[in-house]
Amino acid sequence: MTEKPLRATVSLRGVLFAPSGDVLVVQRTTDEGWELPGGRLGAEEDATEGVQREIVEETGLAVDLGHPVHATAWRNDDDNGRFGVYYYGRVTERAVSLSHEHVEYEWLPPGRAEQRLSGPQGRAVNNAREVHEE
């Protein structure tokens, strides 16, 4: 049993596949790091509604959202708890309208997207690729 339970902000992200099989990655304004689109879950917000809301806010894309493909917990550099859930999703459009939170986007083959992203987000892409190929 854990002595001290994790108190965490919940982050929801989508692994979005275009019809071509490419995955969308977005570049943060704050530190120019790359990530999957998504964000934090609001208080009393349904998880699937929250991730769809975040994706629309950040990209303007309508997504056909599937089930979660990865979930993980960690502490960030400031020792704040984080819990991330990553969902498989498909989109029909590739035209992205970025919010102020991001400066760039790319549609990448899944293997290249995995390399561009952090460990948990890269694992989410790998897991989602298996779902996509079924």
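Predicted model: local features only at pLDDT ≥ 70, side-chain atom pairs only at ≥ 80, totals over all residues.
Glu54 is buried, with a relative accessible area of 9%. Glu54 belongs to helix 1, which runs over residues 47–59. Glu58 is found in that helix too.

**Helix 1**

- Helix 1 is 13 residues long and spans 18 Å from its first C-alpha to its last, close to the 18 Å expected at 1.5 Å a residue.
- Its buried residues are Gly50, Val51, Glu54, Ile55, Glu58 and Thr59.
- Viewed down the axis of helix 1, these buried residues fall within an arc of 130°, so they line one face of the helix.
- The cover over the buried residues of helix 1 includes strand 1 (8–17), strand 2 (23–28) and strand 4 (38–40).
- Strand 5 (64–75), strand 6 (81–90) and strand 7 (102–108) are also included in that cover.

**Glu54**

- Glu54 counts as buried because its relative accessible area of 9% is under the 20% cut-off.
- Its side chain makes a polar contact with the side chain of Arg53, at 3.1 Å.
- Residues up to four places away in sequence aside, Glu54 touches Gly38, Gly39 and Arg40.

**Glu58**

- Glu58 is buried but has no salt bridge.
- The nearest side chain of opposite charge to Glu58 is that of Arg13, 4.7 Å away; a salt bridge would need a side-chain nitrogen of Lys or Arg within 4 Å of a carboxyl oxygen of Asp or Glu.
- With neighbours within four places in sequence left aside, the contacts of Glu58 include Pro37, Gly38 and Gly39.
- Glu58 is also in contact with Ser97, Leu98, Ser99, Glu101 and His102.

**Positive phi in loops**

- Glu32 is not a glycine, yet its phi is positive, at about 65°.
- Glu32 sits in the loop between strand 2 and strand 3 (34–35).
- Glu32 counts as exposed because its relative accessibility is 54%, and exposed means over 50%.
- Asp79, a residue other than glycine, has a positive phi near 65°.
- The loop that holds Asp79 lies between strand 5 and strand 6.

Key: Residues numbered from 1 in each chain as written. Heavy atoms only, no water. Helix = DSSP H or I, 4+ residues; strand = E, 2+ residues; numbered from the N terminus. Buried < 20%, exposed > 50% of the residue type's maximum accessible area, 1.4 Å probe, protein only. Polar contact = N/O pair within 3.5 Å; in protein donor to acceptor, adjacent residues only side chain to side chain. Contact = heavy atoms within 4.5 Å. Expected span 1.5 Å × (residues − 1). Arc of directions from axis to C-beta. Lys, Arg positive; Asp, Glu negative; His and termini not counted.
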